Amino acid sequence: MTETAAALVERLTAVVPDFPKPGVLFRDVTPVFSDAVAFGRVCEALAAPFAVGAGFDAVAGIEARGFALAGGIAAQHQVGVLTVRKAGKLPGEVLSEQYALEYGEAELELRPGQLPAGTRVLVVDDVLATGGTGAATITLLERAGYQAVGFAALLELDGLNGRERLEPRLPVTTLGAVPA
Ligand SMILES: O=P(O)(O)OC[C@H]1O[C@H](OP(=O)(O)OP(=O)(O)O)[C@H](O)[C@@H]1O
Ligand SMILES: Nc1ncnc2[nH]cnc12
(Lines give C-alpha, C1' and ligand atoms only; values in the text may rest on other atoms or scores of the structure.)
(Ligands and ions follow the chains in the order given, each with its own letter.)
Protein backbone atom coordinates (compact mmCIF):
# COMPACT_ATOMS: atom_id res chain seq x y z
CA MET A 1 0.00 0.00 0.00
CA THR A 2 1.19 3.55 -0.69
CA GLU A 3 2.73 5.14 2.39
CA THR A 4 1.10 8.48 3.17
CA ALA A 5 3.04 11.70 3.58
CA ALA A 6 2.20 11.69 7.29
CA ALA A 7 3.46 8.10 7.68
CA LEU A 8 6.68 8.96 5.83
CA VAL A 9 7.32 11.93 8.11
CA GLU A 10 6.71 9.78 11.18
CA ARG A 11 8.97 6.95 9.95
CA LEU A 12 11.86 9.06 8.64
CA THR A 13 12.12 11.90 11.19
CA ALA A 14 15.00 11.38 13.61
CA VAL A 15 14.58 12.31 17.26
CA VAL A 16 17.74 13.82 18.78
CA PRO A 17 17.84 14.44 22.55
CA ASP A 18 19.58 17.52 23.96
CA PHE A 19 20.05 19.34 20.64
CA PRO A 20 20.80 22.20 20.14
CA LYS A 21 20.54 22.70 23.92
CA PRO A 22 20.14 20.34 26.91
CA GLY A 23 16.48 19.44 27.44
CA VAL A 24 15.38 20.00 23.82
CA LEU A 25 14.13 16.94 21.91
CA PHE A 26 15.11 17.94 18.37
CA ARG A 27 13.09 16.60 15.42
CA ASP A 28 15.49 16.19 12.50
CA VAL A 29 13.42 15.99 9.31
CA THR A 30 16.36 15.97 6.88
CA PRO A 31 15.95 12.20 6.15
CA VAL A 32 12.53 13.13 4.68
CA PHE A 33 14.33 15.45 2.27
CA SER A 34 16.93 12.90 1.15
CA ASP A 35 14.31 10.25 0.28
CA ALA A 36 13.07 11.15 -3.23
CA VAL A 37 9.62 9.58 -2.85
CA ALA A 38 9.07 11.05 0.59
CA PHE A 39 10.22 14.52 -0.45
CA GLY A 40 7.88 14.68 -3.43
CA ARG A 41 4.98 13.29 -1.46
CA VAL A 42 5.34 15.65 1.53
CA CYS A 43 5.63 18.67 -0.78
CA GLU A 44 2.37 17.62 -2.46
CA ALA A 45 0.63 17.07 0.88
CA LEU A 46 1.77 20.38 2.39
CA ALA A 47 0.40 22.42 -0.50
CA ALA A 48 -2.74 20.40 -1.23
CA PRO A 49 -5.08 22.20 1.22
CA PHE A 50 -4.05 25.56 -0.21
CA ALA A 51 -4.06 24.67 -3.91
CA VAL A 52 -7.86 24.62 -4.10
CA GLY A 53 -9.96 27.79 -4.01
CA ALA A 54 -8.02 31.05 -4.01
CA GLY A 55 -4.67 29.23 -4.16
CA PHE A 56 -1.22 30.77 -3.87
CA ASP A 57 1.11 32.63 -6.24
CA ALA A 58 4.40 32.08 -4.37
CA VAL A 59 5.91 30.03 -1.56
CA ALA A 60 7.94 31.56 1.27
CA GLY A 61 10.54 29.21 2.74
CA ILE A 62 11.91 29.90 6.23
CA GLU A 63 15.66 29.35 6.72
CA ALA A 64 16.91 26.77 6.75
CA ARG A 65 14.83 23.63 6.23
CA GLY A 66 11.87 25.62 4.91
CA PHE A 67 13.99 26.49 1.86
CA ALA A 68 14.04 22.87 0.66
CA LEU A 69 10.29 22.44 1.12
CA ALA A 70 9.52 25.77 -0.54
CA GLY A 71 11.62 24.81 -3.56
CA GLY A 72 9.87 21.46 -3.93
CA ILE A 73 6.38 22.93 -3.62
CA ALA A 74 7.18 25.84 -5.93
CA ALA A 75 8.48 23.49 -8.63
CA GLN A 76 5.38 21.30 -8.37
CA HIS A 77 3.05 24.33 -8.64
CA GLN A 78 5.16 26.38 -11.07
CA VAL A 79 5.38 29.40 -8.78
CA GLY A 80 8.36 31.27 -7.34
CA VAL A 81 10.07 31.22 -3.93
CA LEU A 82 10.64 33.96 -1.36
CA THR A 83 13.49 33.27 1.07
CA VAL A 84 12.92 34.41 4.65
CA ARG A 85 16.41 34.51 6.10
CA LYS A 86 18.21 34.75 9.41
CA ALA A 87 19.49 38.28 10.13
CA GLY A 88 22.55 39.51 8.27
CA LYS A 89 22.37 37.21 5.24
CA LEU A 90 20.49 39.37 2.73
CA PRO A 91 22.06 42.32 0.89
CA GLY A 92 20.38 45.66 0.26
CA GLU A 93 17.12 46.85 1.76
CA VAL A 94 15.57 44.38 4.21
CA LEU A 95 12.61 44.22 6.56
CA SER A 96 13.48 42.69 9.98
CA GLU A 97 11.44 41.05 12.74
CA GLN A 98 12.76 39.81 16.08
CA TYR A 99 11.11 36.79 17.74
CA ALA A 100 11.52 34.21 20.51
CA LEU A 101 12.16 30.49 19.90
CA GLU A 102 11.72 27.31 21.98
CA TYR A 103 15.46 27.64 22.59
CA GLY A 104 16.44 31.30 22.28
CA GLU A 105 15.99 34.61 20.48
CA ALA A 106 16.36 35.26 16.77
CA GLU A 107 15.67 37.69 13.95
CA LEU A 108 14.36 37.07 10.44
CA GLU A 109 14.66 39.24 7.34
CA LEU A 110 12.90 39.58 3.98
CA ARG A 111 13.80 41.66 0.93
CA PRO A 112 10.77 43.74 -0.03
CA GLY A 113 9.72 44.49 -3.60
CA GLN A 114 10.46 41.08 -5.15
CA LEU A 115 6.85 40.33 -6.14
CA PRO A 116 3.78 42.55 -6.73
CA ALA A 117 1.76 43.84 -3.78
CA GLY A 118 -1.10 41.48 -2.96
CA THR A 119 0.77 38.33 -4.05
CA ARG A 120 -0.74 35.32 -2.23
CA VAL A 121 2.05 33.58 -0.35
CA LEU A 122 2.07 30.11 1.23
CA VAL A 123 4.54 29.96 4.15
CA VAL A 124 6.40 26.67 4.71
CA ASP A 125 8.75 25.37 7.38
CA ASP A 126 9.80 22.03 8.80
CA VAL A 127 8.53 22.36 12.39
CA LEU A 128 5.87 24.49 14.10
CA ALA A 129 6.84 24.85 17.78
CA THR A 130 5.97 28.10 19.60
CA GLY A 131 4.93 29.73 16.33
CA GLY A 132 7.35 32.61 16.87
CA THR A 133 9.14 31.96 13.57
CA GLY A 134 5.86 31.63 11.67
CA ALA A 135 4.37 34.75 13.25
CA ALA A 136 7.47 36.82 12.45
CA THR A 137 7.39 35.54 8.86
CA ILE A 138 3.71 36.41 8.41
CA THR A 139 4.42 39.91 9.75
CA LEU A 140 7.36 40.33 7.36
CA LEU A 141 5.24 39.24 4.39
CA GLU A 142 2.45 41.62 5.38
CA ARG A 143 4.91 44.49 5.84
CA ALA A 144 6.18 43.76 2.31
CA GLY A 145 2.61 44.09 1.00
CA TYR A 146 1.91 40.41 0.38
CA GLN A 147 -1.03 38.31 1.53
CA ALA A 148 0.04 35.31 3.69
CA VAL A 149 -2.63 32.73 2.77
CA GLY A 150 -1.48 29.68 4.71
CA PHE A 151 1.19 28.10 6.88
CA ALA A 152 2.32 24.51 6.28
CA ALA A 153 4.87 22.47 8.25
CA LEU A 154 5.85 18.82 8.41
CA LEU A 155 5.43 18.58 12.18
CA GLU A 156 3.86 20.55 15.02
CA LEU A 157 5.06 20.20 18.60
CA ASP A 158 2.29 19.62 21.14
CA GLY A 159 2.08 21.93 24.11
CA LEU A 160 3.90 24.92 22.68
CA ASN A 161 0.73 26.55 21.24
CA GLY A 162 2.15 27.36 17.83
CA ARG A 163 -1.06 26.49 16.04
CA GLU A 164 -3.11 28.61 18.48
CA ARG A 165 -0.77 31.52 17.80
CA LEU A 166 -0.97 31.34 14.00
CA GLU A 167 -4.56 30.25 13.33
CA PRO A 168 -6.15 33.63 14.13
CA ARG A 169 -4.05 34.99 11.24
CA LEU A 170 -4.25 32.23 8.60
CA PRO A 171 -5.07 28.52 8.02
CA VAL A 172 -2.44 26.07 9.34
CA THR A 173 -1.64 22.56 8.04
CA THR A 174 0.85 20.07 9.43
CA LEU A 175 1.45 16.42 8.61
CA GLY A 176 1.68 15.29 12.24
CA ALA A 177 1.85 16.30 15.89
CA VAL A 178 4.51 15.06 18.32
CA PRO A 179 5.43 15.84 21.94
CA ALA A 180 7.66 18.88 22.43
O1 LIG B 1 7.72 27.67 16.06
P2 LIG B 1 9.04 28.14 16.60
O3 LIG B 1 9.14 28.04 18.09
O4 LIG B 1 9.40 29.49 16.12
O5 LIG B 1 10.15 27.13 16.08
C6 LIG B 1 10.21 26.61 14.78
C7 LIG B 1 11.49 26.95 14.11
O8 LIG B 1 12.62 26.42 14.82
C9 LIG B 1 13.47 25.74 13.91
O10 LIG B 1 14.40 26.58 13.29
P11 LIG B 1 15.63 27.25 14.04
O12 LIG B 1 15.27 28.64 14.42
O13 LIG B 1 16.12 26.35 15.11
O14 LIG B 1 16.71 27.44 12.90
P15 LIG B 1 17.46 26.46 11.89
O16 LIG B 1 16.51 26.30 10.74
O17 LIG B 1 18.67 27.23 11.50
O18 LIG B 1 17.75 25.17 12.59
C19 LIG B 1 12.52 25.22 12.87
O20 LIG B 1 13.18 24.94 11.65
C21 LIG B 1 11.52 26.35 12.73
O22 LIG B 1 11.96 27.32 11.79
N1 LIG C 1 12.20 20.43 19.05
C2 LIG C 1 12.41 20.96 17.84
N3 LIG C 1 12.84 20.17 16.83
C4 LIG C 1 13.07 20.71 15.62
N5 LIG C 1 12.87 21.98 15.32
C6 LIG C 1 12.45 22.78 16.30
N7 LIG C 1 12.15 24.08 16.31
C8 LIG C 1 11.77 24.43 17.54
N9 LIG C 1 11.78 23.36 18.35
C10 LIG C 1 12.20 22.32 17.58
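A: Begin with the polar contact, which is a pair of N or O atoms within 3.5 Å; within protein, one must be able to donate a hydrogen and the other to accept it, and residues adjacent in sequence count only if both atoms are side-chain atoms. In this structure, an N or O atom in the side chain of Lys86 is 2.9 Å from an oxygen atom of ligand 1. This is a predicted model, in which local features need pLDDT of at least 70 and side-chain atom pairs count only at pLDDT 80 or more, while totals for chains, interfaces and linings use all residues. Residues are numbered from 1 along each chain as its sequence is written, chains are lettered from A and ligands numbered from 1 in the order in which they are written, and side-chain values use heavy atoms, with hydrogens and water left out.

Q: Which backbone atoms lie 2.8 Å from an oxygen atom of ligand 1?
A: A backbone N or O atom of Ala129 lies at 2.8 Å, and a polar backbone atom of Gly131 is also 2.8 Å from an oxygen atom of ligand 1. On its own, ligand 1 has 500 Å² of accessible area (Shrake-Rupley method, 1.4 Å probe; for residues, only the protein chains shown count as cover), and the protein covers 86% of it.

Q: How many residues surround ligand 1?
A: A residue is near a molecule or strand if one of its heavy atoms lies within 4 Å of it. For ligand 1 there are 16 such residues, and the closest are Tyr103, Asp125, Asp126, Thr130 and Thr133.

Q: Which residues are around ligand 2?
A: They are Val24, Leu25, Phe26, Arg27, Glu102, Tyr103, Val127, Ala129 and Leu157. Taken alone, ligand 2 exposes 260 Å², of which the protein buries 94%.

Q: How many salt bridges does the structure hold?
A: A salt bridge is a side-chain nitrogen of Lys or Arg within 4 Å of a carboxyl oxygen of Asp or Glu. The structure holds 8 of them; in one, Asp57 pairs with Arg120, and the closest N and O atoms are 2.5 Å apart.
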